[in-house]
2 protein chains.
Amino acid sequence: MSQTRVSVLGAGNGGQALAADLSRRGCDVTLFEHPDFVSGIAPIIKNGAIRMTGTMEGVFPVRATASGEEAAKGAQYLFMVSPSFAQRPLFNEVLPWLENGATVVFIPGNFFSFEASKLLREKRPGVDVTLAETDTLPYACRLDEPGTVNIWGMKQKVNIAALPADRTRSLMEKLRPFFVLDLWESPSTLAIGLQNMNLVFHSSGVLLNTGRIESTKGAFRFYSDGITESVGKLQQKIDDERVATGKAFGIELKSALEFMRDCYRMEGNTLHEVVANNPAYSSHGNDAPKSVTHRYVTEDVPYLLVPMLELASAAGVRAPVVDAVVTMWSALLDRNFREDGRTMKRLGLEGMSVQQIMDHAERGF
Amino acid sequence: MSQTRVSVLGAGNGGQALAADLSRRGCDVTLFEHPDFVSGIAPIIKNGAIRMTGTMEGVFPVRATASGEEAAKGAQYLFMVSPSFAQRPLFNEVLPWLENGATVVFIPGNFFSFEASKLLREKRPGVDVTLAETDTLPYACRLDEPGTVNIWGMKQKVNIAALPADRTRSLMEKLRPFFVLDLWESPSTLAIGLQNMNLVFHSSGVLLNTGRIESTKGAFRFYSDGITESVGKLQQKIDDERVATGKAFGIELKSALEFMRDCYRMEGNTLHEVVANNPAYSSHGNDAPKSVTHRYVTEDVPYLLVPMLELASAAGVRAPVVDAVVTMWSALLDRNFREDGRTMKRLGLEGMSVQQIMDHAERGF
């Protein structure tokens, strides 16, 4: 560990938390930010360190840079922690310098490994890079200011898979030292994208609370007050469509209800019940989006719902409710999410059969 | 007028208001209720009168009955004031007794004249009955108790059309004495259905306030607080689809924005603005549905949105937002509104071209 050279790509709150935490555990850490946003890492460049407050305290050395070359050269492991819209720009910056045998982990992935694999094939043919995804960010954290990150919680486990999936198990062995939490093996990066619970809760929850969000500027608890019986019912239909889509690709996804029960050890027969009774959601006060142009929508519709719809369509699975949610948000935000989003074409999966997609997820391209 | 024998079909608040008001103006009024709901008219049968309070005061003689024969025999004008789901059962009760030359006016129609015309052709071939529709109920009223109706407002005008539409003008001359408010000629009963503003505001407004409705039990003002900027924006898209559907049938529908400006003499560039600034909506206190199983949904989705979708489809007009609203409500209420609703088949218009539908609306079947 002490000699391991790792890079963290993306210097938002999650990226700064991971960079500091990896440094705390003895890694030689480079934190990379896209040159367009270099101002955000200026204090870290200056101090050569990140301060953590909250559940992990201390000041830990981190080398910050806006040079893709510096971030990628000699780095065996690269962890990208970023919103989905920033994944491609960040990846393109390091792409020319990625070395044979390197691994890039997208935290969370939202199907980006397929897009990254396509970019690799096009621009770095012959170079062998392992890509991987998790379904969620491990840290609950917030930047107090650039260079100071407050951490108040950690997930107990994170699902992970490699692309190709036949490398997942060996990758997990290598990655364990980097993560304090449990890594759980997922069948493939397809499963990782489909297992992201944001797909179920976020954009539909905002949609069915649109009037309230705008009228109260988000002065309510998104989960505890916003996921009412009917909202939860619609989300159950979304979840059914999600699970059916996975099944068509041979993936036994955990239902949202099972996920919530397992994750929070909550009882309840409906999504509304497991959420409404959940102290993890009720104790933080008002946390609803203040407007509908929130990442719950702008991130999750194009990068989670659209690829799910495309996968469902490729497999002949009906997903009318997810389709309706995408239609409503496209109308509400005057955006063509079906084209702007993570389409099969963008993922390099266009025109493939279900079996071909499964084969590519398992054994690569 | 004094000798005119008229019947009012349906004894809800609107039916009792109209019955009393027609009696007030000297008509010989029979109020008919379906035999299954005869208990609702028991006090009127007993007293032979309806009491009005509010803007029209007094006690006016009304003959109440649950006999379709009594209601239809000898009645030249029959006014049906009922929710859409009750239109067919009510109509079937009077259908065997309708006389040549009679007129039945559906208030509001929601496309029912087509269904009634189909029933007439099937069960009373050769009998000439004029059907007509309005787009809204003239009275703002509420039952204090059966037999006592409180009236607090009247619309300034009501759009009306006959089926066949080439009879609208002569019918309007005959109907004027029965209505204190202005009757406005509409091109056809197709236009009447499409001009119903509930299509634009109701079910979408509930949908985008679902969390709030269930969380607060409707403790907000549906229009003033619920039609926020984004809600109004989505409703504008619904309105665009509605207007485009009308246009495909040669109908120049008034946009919802024009309608609101004209109706309430309000200024504003968006639906949110004309609604938010409107004292007619803000002065009544909380008026939102207390649950999502409200007639704003159960009435308007099957009887307004579904026929609009079917007309759009017949004309090749895209209506993705209305389609998404119907999908969401079908999922939320576990109902197949596309089959339960007022389909082209039910309206007797199945398989017809746009021109055939227009011809039938204009000249009858």
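Which residues are buried in α8(B)? And could you then show me what surrounds that part, up to the place where the chains meet?

Author: Happy to! Keep in mind that this is a predicted model. Helix α8 of chain B covers residues 198–207, and nine of its ten residues are buried, so the helix is mostly covered. The buried ones are Leu199(B), Val200(B), Phe201(B), His202(B), Ser203(B), Ser204(B), Gly205(B), Val206(B) and Leu207(B).

Now let us step on to the interface. Leu208(B) is one of three residues in chain B that lose the most area to chain A; the others are Met328(B) and Leu332(B), and together the three make up 23% of what that side buries. Between them, chain B and chain A bury about 2,300 Å², with 63% of this on carbon and sulfur atoms. In terms of contacts, 29 residues of chain B meet 29 residues of chain A.

How are the two chains related? Chain B can be superposed on chain A by a rotation of 180° with 0.0 Å of shift along the axis, and the RMSD is 0.0 Å. This is the relation of a two-fold axis. The same surface serves both copies, as 100% of the contact residues of chain B recur in chain A.

The interface has polar features as well. Across it there are 22 residue pairs in polar contact. On the side of chain B that touches chain A, the elements giving two or more residues are α9 (210–216), α10 (229–248) and α16 (320–332). With eight residues, α16(B) gives the most to that side. Sorted by type, the residues on this side of chain B are 13 nonpolar, nine polar and seven charged.

There are also four salt bridges between chain B and chain A. In one of them, the side chain of Lys237(A) meets that of Asp334(B), at 2.4 Å from N to O. You can find Asp334(B) in the loop between α16 and α17 (337–340) of chain B. Its phi is positive, near 50°, and Asp334(B) is a residue other than glycine. Asp334(B) counts as partly exposed because its relative accessibility is 49%, and the limit for exposed is over 50%.

Asp240(A) belongs to helix α10 (residues 229–248) of chain A. With a relative accessible area of 43%, Asp240(A) is partly exposed. Between the C-alpha atoms of Asp240(A) and Leu208(A) there are 18 Å, and the two residues are 32 residues apart along the chain.

Ser330(A) sits in helix α16 of chain A, which runs over residues 320–332. Its relative accessible area is 12%, so Ser330(A) is buried. Apart from neighbours within four places in sequence, Ser330(A) is in contact with Arg335(A), Asn336(A) and Phe337(A).

Our last stop is Thr343(A), in the loop between α17 (337–340) and α18 (354–363) of chain A. Thr343(A) counts as buried because its relative accessibility is 11%. Not counting residues up to four places away in sequence, Thr343(A) touches Val306(A), Glu310(A) and Arg338(A).

Terms used: Residues numbered from 1 in each chain as written. Chains lettered and ligands numbered in written order. Predicted model: local features only at pLDDT ≥ 70, side-chain atom pairs only at ≥ 80, totals over all residues. Heavy atoms only, no water. Contact = heavy atoms within 4.5 Å. Buried area = accessible area lost by both parts, 1.4 Å probe. Polar contact = N/O pair within 3.5 Å; in protein donor to acceptor, adjacent residues only side chain to side chain. Helix = DSSP H or I, 4+ residues; strand = E, 2+ residues; numbered from the N terminus. Nonpolar A, V, L, I, M, F, W, Y, C, P; charged D, E, K, R; others polar. Buried < 20%, exposed > 50% of the residue type's maximum accessible area, 1.4 Å probe, protein only. Least-squares fit on C-alpha atoms with pLDDT ≥ 70 in both.
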